[in-house]
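This report describes a single protein chain, beginning with the overall fold and then turning to selected residues. The sequence and the model are shown first.

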Amino acid sequence: MHYHVYKDAANQWRWTLIAANNKKIANSGEGYINKADCLSAIELVKGSASAPIRED
């Protein structure tokens, strides 16, 4: 599994999480002007392992 960081058509930074089978399983959902902000968002996702799962 890995994160792919890239610039989109609007020249903003985005990330996509790629599974071991090369399938896209998550993405940033928004573009970031600064690469550092994009990388910070990845760190937030990485750190969310203990977040609870809620159902409706």
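## Overall architecture

Helices (H or I, at least four residues) and strands (E, at least two) are DSSP runs, numbered from the N terminus. The model is predicted: local features need pLDDT of at least 70, side-chain atom pairs count only at pLDDT 80 or more, and totals for chains, interfaces and linings use all residues. Residues are numbered from 1 along each chain as its sequence is written, and side-chain values use heavy atoms, with hydrogens and water left out.

Taken along the principal axes, the C-alpha atoms of the protein chain fill a box of roughly 35 × 25 × 20 Å. Of the contacts in the chain with a separation of 6 or more, 20% are between residues 24 or more positions apart; a contact means heavy atoms within 4.5 Å.

## Surface and charge

Buried residues account for 23% of the 56 residues in the protein chain. Buried means under 20% relative accessible area, exposed means over 50%, and partly exposed lies in between (1.4 Å probe, protein chains only). The accessible surface of the chain is about 4,500 Å², and carbon and sulfur atoms contribute 50% of this surface. These areas come from the Shrake-Rupley method with a 1.4 Å probe; for residues, only the protein chains shown count as cover.

The chain carries 7 positive and 6 negative side chains, and the centres of the two sets are 9 Å apart. Lys and Arg count as positive and Asp and Glu as negative, while His and the chain ends are not counted. Each charge is placed at NZ of Lys, CZ of Arg, CG of Asp or CD of Glu.

## The aromatic pair

One aromatic pair is found in a search of the whole structure. The pair is formed by Tyr 3 and Trp 15 in an edge-to-face arrangement, 5.5 Å centre to centre and with 70 degrees between the planes. Tyr 3 belongs to strand β1 and Trp 15 to strand β2, so the pair ties together parts that are twelve residues apart in sequence. Rings of Phe, Tyr and Trp (its six-membered ring) pair if their centres lie within 6.5 Å; planes under 30 degrees apart count as stacked, over 60 as edge-to-face and the rest as tilted.

Trp 15 is buried, because its relative accessible area is 5%. Tyr 3 has a relative accessibility of 24% and therefore counts as partly exposed.

## The loop between β1 and β2

Asp 8 is located in the loop between β1 (2-7) and β2 (13-18), and its relative accessible area of 19% makes Asp 8 buried. The side chain of Asp 8 reaches the backbone nitrogen of Ala 10 at 2.9 Å and that of Gln 12 at 2.8 Å.

Asn 11 is also found in the loop between β1 and β2. Although Asn 11 is not a glycine, it has a positive phi of about 65 degrees.

## The other loops

Asn 22, in the loop between β2 and β3, has a positive phi of about 70 degrees although it is not a glycine. Asn 22 counts as exposed, because its relative accessibility is 61%.

Gly 31 occupies the loop between β3 (24-27) and α1 (35-46) and is buried, with a relative accessible area of 18%. Leaving aside neighbours within four places in sequence, Gly 31 is in contact with Gln 12, Trp 13 and Arg 14. The C-alpha atoms of Gly 31 and Ala 51, which are 20 residues apart along the chain, are separated by 24 Å.

Notes
A polar contact is a pair of N or O atoms within 3.5 Å; within protein, one must be able to donate a hydrogen and the other to accept it, and residues adjacent in sequence count only if both atoms are side-chain atoms.
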